[in-house]
Amino acid sequence: MTLDVSLTQTLGAFTLDVAFTAPAGVTVLFGPSGSGKSSVIQAVAGLSRPDKGHVKLDGEVLMDSASGRWLPPRARRLGTIFQDARLFPHMSVARNLAYGTRFAPRDAVALPRDRVIDMLGIGDLLERRPHSLSGGEKQRVAIGRALLAAPRMLLADEPLAALDEARKAEILPYFERLRDELDIPILYVSHAAAEVARLATTVVVLEQGRVRRVGPAAEVLGDPEITPMGSGAAGAMLEARVVTHHPDGLSELDADGLRLLLPRVARDPGATLRIHVEAQDVMLARRRPEDISALNVLPVTVRSIRMGDGPGALVQLDAGGNLLLARITRRSVAAMGLAEGQEIFAVLKAVSVARDGVG
Ligand SMILES: Nc1ncnc2c1ncn2[C@@H]1O[C@H](COP(=O)(O)OP(=O)(O)OP(=O)(O)O)[C@@H](O)[C@H]1O
């Protein structure tokens, strides 16, 4: 299932002019506030009318300015999830879910209700009213309601933005399950790099209403030209397999031959997960450092160096086929004499990988 989007739309003083294709999996629209992410969702959902362009889902035309075709939102059969769960306050969770089912066309193959309830862990909430649910529980019910309408695609506009860190950590795994267990593509808006690293299959980077870059998540997040220079959350994404858990509370992981030690991860050996390594947590050394406390000393090759306008620089590293980013000072780049192709060592403290950066 592929979503093909090409849109031009004037919104006050802002112009949206984007074209991209979202393949299966989670496609994250990523960019700063005001870059046009929500406007894309609105247009795809049929909640706004672009001046020009088309939206096609697996070849079916949802809108096309050239032919004048325009499917109203409901006929598009896209499930939408917003920041606020938008549940019906006077209905129980069970009735909110049933409301979703009403919109499933008779011939649609809907997910079984029990499977949705089980996937989202909301079985104990069915008799409750929305006002008695936590923000995270409400959002899980909203996802369930959207799924039960048998959508062909899910649109999620910053679904975690209104939640505190603990609730975000609670909901993220559910989106991972949707990505991994269902055959429903998801278009997902976020401006949080850690969230993108955890969820995205494909990343569409928006800037001032235009597409700056589209590509597989690891490639885009590991690109120093894309990563915002000043952002603390800038960093690359690695896919790794749990090798074993050590008795001292560390887990050993393998990313294409790259061995990493991290604080214990909540997965069994053999499971694969993603690790978001923030650029500011990576140190560089010309020679293999000895007698240091950091557990991860990785041989890497410098792929590119992006000098910032201020004191900082981003260095892109190839670590056994994985991309890593290191944020260091321009002064260190000069002092170390760093250059493309150079073989050096990246140092990563095990404890520096944030809990929400692993999943
Ligand atoms: N109906 C409208 N009329 C006028 N301007 C609009 C309209 N809708 C959006 N805009 C403007 O378009 C720009 C992009 O807005 P949009 O909400 O798509 O950005 P965003 O990337 O989702 O931002 P955020 O992360 O803050 O939600 C903003 O400058 C916004 O003010």
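Strands (E, at least two residues) and helices (H or I, at least four) are DSSP runs numbered from the N terminus, and two strands pair if DSSP finds at least two bridges between them.

This is a predicted model, in which local features need pLDDT of at least 70 and side-chain atom pairs count only at pLDDT 80 or more, while totals for chains, interfaces and linings use all residues. Residues are numbered from 1 along each chain as its sequence is written. The confidence values are tabulated here; pLDDT is the predictor's confidence in each residue, from 0 to 100.

| Score | Value |
|---|---|
| Mean pLDDT of the protein chain | 90 |
| Residues with pLDDT of 70 or more | 95% |
| ipTM | 0.93 |
| pTM | 0.85 |

An open sheet of 5 strands, paired antiparallel, has the order 16-20-17-18-19. Strand 16 (282–285) and strand 19 (322–329) stand at the edges with a single partner strand each, so one side of each lacks a neighbour in the sheet.

The shell around the ligand (C-beta atom, placed from the backbone, within 6 Å) includes L11, F14, K37 and H191. Its residues divide into 2 nonpolar, 9 polar and 1 charged, where Ala, Val, Leu, Ile, Met, Phe, Trp, Tyr, Cys and Pro count as nonpolar, Asp, Glu, Lys and Arg as charged, and the others, Gly among them, as polar. Helix 1 (residues 37–45) gives the largest share of this shell, 3 residues.
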